[in-house]
Structure formats: structure tokens, C-alpha cells
Amino acid sequence: MNKVIIFSAPSGAGKSTVVRHLLEKFPQLEFSISATSRQPRGIELHEIDYHFLTVDEFKQKIAGNEFVEWEEVYAGNYYGTLKSEVKRIWAKGNVILFDVDVKGGINIKEIYGDTALSVFIMPPSIDILRKRLQERGTDLPEAIERRVHKAEEEITYVSRFDVILLNDKLEDTLHNAEKIVSDFIDM
Ligand code: ADP
Ligand code: 5GP
């Protein structure tokens, strides 16, 4: 059966950290490379972390109905899952791992129903979330405040997810994430 696992969370809650760990642990999981119109950050690479597109290229793909789902996650910055990406991963018999924003996660769960597991990664508190974003050092203070503000709204959607994964002590989080994934894959 074609399965998908969705990780959603406010930015800075630990999605990338958890997803990276799971991809190393489970060879049958494959990361869905989203398209985005934002600029690469740090050491991110085209076609590995994201398909980096211009806003025009992104809009052309929207018009061409090439996305499973897309969102303007931050003003002027578009993010979306390409249908071609889903096809590519399922053709290999792998389980798709999504790292998407909260609205995207809810949409993908609605599309794939019982063949999807949606996981919301919950930061211990908003203050800790802000601190982690500051320590990550990849965003300007203004962008951090935008992300924190958005997080407060996103947390209100937690009940729309199948599972909540609290990310307090990292070691426990990763252990719990492995259990969630193996239970779903073996189902
Ligand atoms: P996201 O992908 O959700 O934006 P990241 O995985 O990049 O979040 O995590 C944000 C920052 O917090 C990173 O610098 C990461 O190393 C750190 N981090 C993640 N989980 C924990 C944790 N449990 N305790 C402390 N720091 C963490
Ligand atoms: P970042 O800029 O930190 O890489 O991502 C910002 C937000 O966009 C994160 O919450 C990330 O999960 C989300 N995101 C990444 N790809 C997609 C996608 O394909 N669709 C949606 N809806 N959100 C995405």
C-alpha cells in the first residue's frame, strides 16, 4: 500500500531535526522534496532540500495544476508539493515523508486519509521555540518574530492531527518518533 507520513509543526519546533533522524533510521522512508520560491538558506541545495523556483516559475506550476497542495506560507514565499514528487517516490515502493506547514499537513491528511499518518511536533513552549530559532541562527530577528507569531496560531490546529509529538528532550523525541513511524509502517 502507498503510505505517507506527514510531519508538521511551527517553524523551529524541530521538524528538520526529527525528519533527518528518521530518514537515516528507516531506509524505506523517502523525503518529499517540496518546491519553494524562497532563497536557499545556509548550505541548502537545489533538488535536495527544495526545488528552488522563482515566483513566476512557481505560479506557472500552480496554473498547470502540477501541485498536490501549495501554500503561501510567508508573504511572497510559496511552498508546495509537486504531484511528480509523489509519483516518483511511490514508483520506488517507498513511504513518503513530508515536512510541511500546518495547513499543508491538514490538507495532505485529507487527501490521503487512512494511508496517511499526520504528526504534529509540539515545542515545550513559545519561549523555548523563540530561543531555538535564535540559536539556530538562520533567520533575522524580524523573521524570527514572524515565525513565532505564526506559531501561536498554528498550535491551535493541533487537534486536526493523528499524533502529537512533544519535542522537549531531544533523545526522548527521537525515540518516540521512531516508535510512531515503525508502528505505522508495520501496520
Ligand atoms: P524546524 O525544522 O521545525 O524549523 P529545526 O529542526 O531546524 O526546526 O530545529 C530548530 C532549532 O532547534 C535547531 O537549531 C535544532 O538543532 C534545535 N532543536 C531541535 N530540537 C531540539 C531539542 N529537543 N532541544 C534543543 N534544541 C533543539
Ligand atoms: P522553511 O522556510 O523553514 O524551510 O519552511 C517554512 C515552512 O514551510 C515550514 O513549516 C515547512 O514545513 C513548510 N513547507 C515546506 N515545504 C512545504 C510544502 O510543500 N507545502 C507546505 N504547505 N508547506 C511546506
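**Close-up views of a predicted model**

Figure 1. Thirteen residues, written here as the 13 residues around ligand 1, include G12, K15, S16, T17 and N167, which come nearest; a residue is counted as near when one of its heavy atoms lies within 4 Å of the molecule or strand concerned. The model is predicted, so that local features need pLDDT of at least 70 and side-chain atom pairs count only at pLDDT 80 or more, whereas totals for chains, interfaces and linings use all residues. Residues are numbered from 1 along each chain as its sequence is written, chains are lettered from A and ligands numbered from 1 in the order in which they are written, and side-chain values use heavy atoms, with hydrogens and water left out. Polar backbone atoms approach oxygen atoms of ligand 1 at 2.7 Å in G12, at 2.8 Å in K15 and at 3.4 Å in A13. On its own, ligand 1 has 560 Å² of accessible area, of which the protein covers 75%. Accessible areas come from the Shrake-Rupley method with a 1.4 Å probe; for residues, only the protein chains shown count as cover.

**Figure 2. Surroundings of ligand 2.** Among the 17 residues around ligand 2, those that come nearest are S34, R38, Y50, Y79 and D99. From G80, a backbone N or O atom lies 3.1 Å from an oxygen atom of ligand 2. The protein covers 95% of the 510 Å² of accessible area that ligand 2 has on its own.

Figure 3. Helix α6 comprises the 14 residues 141-154; helices (H or I, at least four residues) and strands (E, at least two) are DSSP runs, numbered from the N terminus. At 1.5 Å a residue the helix should span 20 Å, and its end C-alpha atoms are 20 Å apart, which agrees; the expected span is 1.5 Å times one less than the number of residues. Residues A143, I144, R147, V148, K150, A151 and E154 of α6 are buried, where buried means under 20% relative accessible area, exposed over 50% and partly exposed in between (1.4 Å probe, protein chains only). Seen down the axis, the buried residues of α6 fall within an arc of 165°, so they line one face of the helix; the arc is that of the directions from the helix axis to the C-beta atoms. The face turned away from the buried side carries the exposed residues P141, E142 and H149. Cover for the buried residues of α6 includes β5 (67-74), α4 (102-112), β8 (116-122) and α5 (126-136).

**Figure 4. E30 in strand β2.** E30 lies in β2 (residues 29-31) and is buried, with a relative accessible area of 14%. The side chains of E30 and N94 are joined by a polar contact of 2.8 Å, a polar contact being a pair of N or O atoms within 3.5 Å; within protein, one must be able to donate a hydrogen and the other to accept it, and residues adjacent in sequence count only if both atoms are side-chain atoms. Neighbours within four places in sequence left aside, E30 is in contact (heavy atoms within 4.5 Å) with residues including L23, R88, K92 and L97.

**Figure 5. Q39 in a loop.** The loop between β3 (34-36) and β4 (50-52) holds Q39, which is exposed, with a relative accessible area of 62%. Leaving aside neighbours within four places in sequence, Q39 is in contact with E44 and F52.
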